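User: I have a structure here that is new to me. Can you walk me through it?

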Amino acid sequence: MSAFRALVVDKSEAGYGCRLDMLDRSALPASGNVTVRVERSTLNYKDALAITGKAPVVRSFPMVPGIDLAGTVEASDDPAWKAGDAVVLNGWGVGETHWGGLAELSRVKGDWLIRRPAGLTAEDCMALGTAGYTAMLCVMALERQGVTPDKGDVLVTGACGGVGSVAIALLARRGYGVIAATGRREEEAYLKELGAKDLIDRAELSGPGKPLGKERWAGAVDTVGSHTLANVCAGTRYGGAVAACGLAQGLDFPATVAPFILRGVTLAGIDSVMAPKALRETAWRLLDAEIDRPRLAAMTSRIGLADAQGVASDLIAGKVRGRVVVDPSA
Ligand code: NDP
């Protein structure tokens with residue numbers, strides 16, 4: 001393949017734009033040392049921000065967006081990898097500062113790659129993507145803090161989103177009672193199918209609240225931030241924990257220390273982008289072992305590269321449910 005299809009984000013005097021382009025292989029970043037034929041990529045919230053320009057995710061131009069990819073090594077200058085190896089990549093600034101996965105070819109650093117778990121296809125890996133791997137990091141963090149299923153329910157905010165959907169499926173599979181906070185009541189059947197036992201309206205959590213509320217859940221996965229995260233902490237039981245990974249409502253955190261100093265609640269920050277390799281490998285091994293394939297299929301839709309811009313706008317508008325896999329050659 002001497003030329004390859006790619007989404008390209010660019011910024012000029014004419015403004016910020018994204019186009020589907022045909023690029024020459026010689027344009028691939030020289031700073032990479034492994035060339036990967038991308039079989040599948042995906043659209044995460046961050047990719048949608050990069051494609052639409054709604055937030056300054058992209059740090060250098062022109063940029064191929066896409067923080068995730070799954071594919072096969074085509075050529076490698078890194079002794080750790082050889083042609084034919086099945087790999088997955090999440091984060092490390094790919095799609096932000098280094099050309100990313102929304103293309104048929106990618107040239108990345110070997111250190112960023114992990115071996116694709118034996119039980120997961122490229123399609124499965126991107127149905128999970130950074131969203132799914134982050135959901136697993138959240139579940140692992142709650143467990144590290146002693147939030148086990150016998151301690152009580154776990155709340156998942158942003159429930160219909162990518163991280164939320166995978167988190168519900170993973171927690172339910174581990175035997176937790178899962179409460180889904182959503183703005184989409186009409187998706188009750190979907191959320192229950194994933195494993196949620198109850199739903200609450202996200203509006204209950206999205207406004208300014210009290211420093212402490214009724215103790216409602218033993219733990220939470222929060223993808224929303226802002227007042228929601230403050231209220232989630234205020235409603236967490238004595239000794240519980242909240243894994244905070246997102247900012248769908250906002251970057252702010254208008255809270256008090258009351259849940260932490262009066263109830264011993266732990267706020268665990270989750271970062272997927274620079275997470276150490278050993279933690280990633282554990283998360284992916286657990287995803288392979290635990291993700292329920294029919295549930296994963298139920299939350300995933302598939303698009304081609306040409307559809308990515310339209311779907312990115314829908315994702316920002318909160319109209320996309322679950323996960324979106326991108327086939328770069330379609
Ligand atoms: P999605 O867009 O798929 O889902 C976000 C969900 O949040 C929506 O589906 C919606 O759920 C809810 N939501 C949207 N807007 C609001 C709002 N104003 N108030 C309350 N809820 C809202 O995104 P992802 O699941 O991919 O990512 C979720 C968040 O996690 C993002 O902020 C993302 O940047 C962050 N993230 C962070 C990572 C990390 O490493 N820390 C890694 C991956 C993601 P519903 O319709 O059910 O209400």
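Predicted model: local features only at pLDDT ≥ 70, side-chain atom pairs only at ≥ 80, totals over all residues.

User: Which residues come nearest to the ligand?

Analyst: Thr182, Gly183, Arg184, Arg202 and Ser272 come nearest, out of 24 residues around the ligand. A residue counts as near if one of its heavy atoms lies within 4 Å.

User: What is the class make-up of that shell?

Analyst: The shell has 10 nonpolar, 11 polar and three charged residues. Here Ala, Val, Leu, Ile, Met, Phe, Trp, Tyr, Cys and Pro count as nonpolar, Asp, Glu, Lys and Arg as charged, and the others, Gly among them, as polar.

User: How far is the polar side-chain atom of serine 272 from an oxygen atom of the ligand?

Analyst: The distance is 2.7 Å for serine 272. For glycine 162, a backbone N or O atom lies 2.9 Å from a ligand oxygen. These are polar contacts (a pair of N or O atoms within 3.5 Å).

User: Changing topic: which residues make the nonpolar surface patch?

Analyst: Tyr45, Leu247 and Leu251 make a patch of about 320 Å². Patch residues have over 30% relative accessible area and no salt bridge, and nonpolar side chains (Val, Leu, Ile, Met, Phe, Trp, Tyr) are joined within 5 Å. Areas come from the Shrake-Rupley method with a 1.4 Å probe, and for residues only the protein chains shown count as cover.

User: Is leucine 251 buried or exposed?

Analyst: Leucine 251 is exposed, at 75% relative accessible area. The classes are buried under 20%, exposed over 50%, and partly exposed in between.

User: And how many salt bridges are there?

Analyst: The count is 20, with a salt bridge being a side-chain nitrogen of Lys or Arg within 4 Å of a carboxyl oxygen of Asp or Glu. In one of them, glutamate 96 meets lysine 46 at 3.0 Å, N to O. Glutamate 96 is buried at 13%, while lysine 46 is partly exposed at 26%.

User: What about arginine 115 and aspartate 85?

Analyst: Their side chains form a salt bridge at 3.6 Å, N to O. Arginine 115 is partly exposed at 46%, whereas aspartate 85 is buried at 8%.

Conventions
Residues numbered from 1 in each chain as written. Heavy atoms only, no water. Polar contact = N/O pair within 3.5 Å; in protein donor to acceptor, adjacent residues only side chain to side chain. Patch = residues over 30% accessible without salt bridge, like charges linked within 9 Å, V, L, I, M, F, W, Y side chains within 5 Å. Buried < 20%, exposed > 50% of the residue type's maximum accessible area, 1.4 Å probe, protein only.
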